[in-house]
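Subject: Structure handover

Hello,

Here is the structure I promised to pass on. Please open it first, then read my notes below.

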Amino acid sequence: MSDAEPHFEALEYVTITKDARTGLVVALSGTEQAAGLLQRAGFLDHPGPRGTYHRLPHGLPAAEQRRKATAASHALLSAGYSVHLDPALNALAVPDGDRDAALRYLVQLPQQATAVSSGNERAALLTEIAGPSEGFLPLIGKAVAVACVWSLRPDAGRTGGATLEPAAQLGSTADALSRAADQILRVRNDIARAHSRPTAGGRAPSPAPRPTPAAVSHSR
């Protein structure tokens, strides 16, 4: 058996992604053949600090960006290139799949709340809503807190006369969500403790009292 490493036919690694600063869809690396495939898919060559790269034209709608990026990646893959396509640019992926699933679950949550029939089920439902690690309220509060921090950045779009009132409002909202989650957790803990206590009907019977010496019969 030979221990030699296998030979792979992939020509070169090409990355197709969206630049966060400019919003442009760019393709990095690749050979001259890859450049030709990218150009046929609608990409333009452009000089950069590390050599020529390719990008889609300015002003394309998001759906058109995804369509062209996906077509380019398939052409490159068919030609033997290894390609990393940003998942956000994959036109064949289900759009907003995670968001739609989360919305469906939240819509069903009130129905679940009306269907619970035991203390354990009520406590579990409140844990899903306000649990410290994966509860909905703490997660939303974290997102609002991040938005508050972002609004304080110098490049967040404030003009010279703008105030910090939006950031203060976001910070106050994040605090209110945190307090609400804490209050719900306290109710959840009360429900769980009450359910764990033995009820009057389920209390273990007391042991029978031991007879006193006066009550013992002395008859033979």
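Start with one residue pair. Thr15 has Leu28, in S2, as its bridge partner. Strand S1 covers residues 13-18 and strand S2 covers residues 25-28. They run antiparallel, and 4 bridges join them. Please keep in mind that this is a predicted model.

Now the sheet as a whole. It is open and has 5 strands. In general, strands of a sheet pair through backbone hydrogen bonds, either parallel or antiparallel. The edges here are strand S3 (44-48) and strand S5 (82-85). Each of these two pairs on one side only. Neighbouring strands are turned against each other by 25 degrees on average, with direction ignored.

Next, the helix on the sheet. Helix H1, residues 32-40, lies across S1, S2, S3 and strand S4 (51-55). H1 runs at about 30 degrees to S4.

Finally, a pair of helices. Helix H4 spans residues 119-130, and helix H5 spans residues 136-151. They pack at an angle of about 5 degrees, and their axes are 3 Å apart. Angles under 35 degrees count as roughly parallel, and H4 and H5 are therefore roughly parallel to each other.

Which residues in H4 and H5 meet? From H4 come Glu128, Ile129 and Ala130. From H5 come Phe136, Leu137 and Pro138. By class, this contact has 5 nonpolar residues, 1 charged residue and no polar ones.

Best wishes

Definitions and conventions
Residues are numbered from 1 along each chain as its sequence is written. This is a predicted model: local features need pLDDT of at least 70, side-chain atom pairs count only at pLDDT 80 or more; totals for chains, interfaces and linings use all residues. Side-chain values use heavy atoms; hydrogens and water are left out. Two strands pair if DSSP finds at least two bridges between them. Axes are lines fitted to C-alpha atoms, for helices over the stretch in contact, and angles run from 0 to 180 degrees between N-to-C directions. Contact means heavy atoms within 4.5 Å. Angles under 35 degrees count as roughly parallel, over 145 as roughly antiparallel, 65 to 115 as roughly perpendicular and the rest as oblique. Ala, Val, Leu, Ile, Met, Phe, Trp, Tyr, Cys and Pro count as nonpolar, Asp, Glu, Lys and Arg as charged, and the others, Gly among them, as polar.
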